[in-house]
Amino acid sequence: MGKSLNDLAKKLQFCEHCGFCRSVCPFLEASNMEESVGPRGRKTLFLSLFEGKVQPTPRLAQKFYMCGVCRACAVKCPQSIDIAEVSVHARHIIIKANALNPFMRKVANSLVKGVEDGDIFGAAATKAKWAKNITIPNDSGTVFFASCMDTSMAYGELLVDTLENFGWAENTLMFLSELVQKLNIIKFLDTFLKRKNEFYRKSLVNTINLLNKLNIRPSYLGNDEPCCGAALHTYGLLDEFTEHAKKVYKIFKEKGIRRLIVHNPICGGIFKTEYPSYVDGWDVEVKHVIEVVAEAIENNGIELQYPEPIKVVFHDPCYLARFMGVVDEPRIVLKTIENLELIEPPHNKRETKCCGGGGVELIYRDVAISAAINRVSELNTGNPDIISSCCPVCALMIKKGIKNLKLKVKYVDLIDLVNNSLNP
Ligand code: SF4
Ligand code: SF4
């Protein structure tokens, strides 16, 4: 299962204490450079935890949960030390020792239940609603994996908004969220969140429209689509993740699925980089939709024109650039669009900077919002009309950054931009 703790601890002994990782950690920057919540500090704390010199406690947990598992440190480290991996394994040790505080324990329980039911926000009853007006086949070995984060992110946004605006105690919020699920009022809430739902779900409809225009017709599993379990992995619930990943693979095999196309790079990144270590024989090909579109443009050409001249800055999601390794394809596609001027931000491609998400937004919201503001300030340096990306968590955090900075720039999903540029 994953990497052994001994191997991880051995690798950490090669740390040169150079501090290159500190220069790129978005949460270190957002928390006033406090060493113990930066990558080098986490490395030292992990070794002390591994050697039994410090005990797992809720206070220690805070040091490891204030990491967005973004892997920016791994790109800078001369020894390729990945502190995201360190954080995930430290969280696992802390969970096993039952040392989470009551709120974080509740979050863990809610994630386990959500993933098992097929939707981390507990909205499995409405997750296939985005596809109700379109026809998608169900007999292809290639499947569009819609992702519960994309279909239900409106609920995540509601949670973050509530915490940000009212600062309610976490336990109260968790109680209310459990109550919503128990009373089965998800369908009512779904209507109440109409505008927010449309914002996230339209990118899924546009993905199918775009793929069909390119003569690619993937299936969709609808309510049978399992959650990929990314949240279990990042939260450190590794035993539950291992079991869940095996179940997901079994479902894919039974349905004859050989290839997945994703819009959410978090699911794509977890399938591509973690499933092979946790599932024996994992052999499912995983592509982001922008890779498929870029291939089609290179092979067959396709005319794209935005309706009016616009300046667009592209924010590489950590999971797209550093987990899936996809950095050229968004640029190939965006440069094909007439009327669109592409701006590169500071920190791009594999050196991209996290949007402030990575799960931190639900636990340490002030630090997460500061990180979002820092990233949006950078993205806005070339005065773009549009900030574009293709991850539901980046969308949420970038919108938060724009709102806090009171900027005019708009957030538009990459696939929506491409779809809006298709010639009629
Ligand atoms: S993974 Fe990202 S947030 Fe975590 S320590 Fe590394 S740079 Fe910081
Ligand atoms: S960049 Fe790598 S070697 Fe340098 S301090 Fe960070 S973890 Fe250690």
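## Stop 1: a glycine in a loop

Select G222 first: apart from neighbours within four places in sequence, G222 is in contact with A128 and A131. The model is a predicted one. Colour the loop between helix 11 (194-213) and helix 12 (230-235), and G222 will be found in that loop. Is G222 buried, exposed or partly exposed? G222 has 13 other C-beta atoms within 10 Å, and a residue needs 20 or more to be buried and 12 or fewer to be exposed, so G222 is partly exposed. Next, draw a distance from the C-alpha atom of G222 to that of I81: the two atoms are separated by 39 Å, and the residues are 141 apart along the chain.

## Stop 2: the whole chain

Zoom out and show the cartoon. The protein has 22 helices and seven strands. Its C-alpha atoms fill a box of roughly 65 × 45 × 45 Å along the principal axes. Among contacts with a separation of 6 or more, 80% are between residues 24 or more positions apart.

## Stop 3: domains 1 and 3

Colour by the domain assignment, which gives domain 1 (5-100), domain 2 (104-291) and domain 3 (296-420). The C-alpha centres of domain 1 and domain 3 lie 27 Å apart. Where they meet, 13 residues of domain 1 are in contact with 17 residues of domain 3. On the domain 1 side, helix 2 and helix 5 each supply at least two residues. The largest share of that side, four residues, is from helix 2. By class, the domain 1 side that touches domain 3 has nine nonpolar, two polar and two charged residues.

## Stop 4: ligand 1

Bring the view to ligand 1 and show the residues around it. There are 17 of them, and C25, P39, C67, C70 and C73 come nearest. Which helices each supply at least two residues of this shell? They are helix 2 (26-30), helix 3, helix 5 (72-76) and helix 6 (83-96). Helix 6 gives the largest share, three residues. The shell around ligand 1 has 13 nonpolar, two polar and two charged residues.

## Stop 5: ligand 2

Move to ligand 2, which is surrounded by 15 residues. The classes in the shell around ligand 2 are eight nonpolar, three polar and four charged residues.

## Stop 6: helix 21

Finish with residues 392-405, which form helix 21. From its first C-alpha to its last, this helix of 14 residues reaches 20 Å, close to the 20 Å expected at 1.5 Å a residue. Is helix 21 mostly covered or mostly open? Ten of its 14 residues are buried, so by the count of 20 or more other C-beta atoms within 10 Å, helix 21 is mostly covered. Show side chains for the buried residues, including P392, C394, M397, K400 and I402. Step just past the helix to K406, where phi is positive at about 55 degrees.

How values were computed. Residues numbered from 1 in each chain as written. Chains lettered and ligands numbered in written order. Predicted model: local features only at pLDDT ≥ 70, side-chain atom pairs only at ≥ 80, totals over all residues. Near = placed C-beta within 6 Å. Nonpolar A, V, L, I, M, F, W, Y, C, P; charged D, E, K, R; others polar. Expected span 1.5 Å × (residues − 1). Contact = placed C-beta atoms within 7 Å. Domains from an automatic or database assignment.
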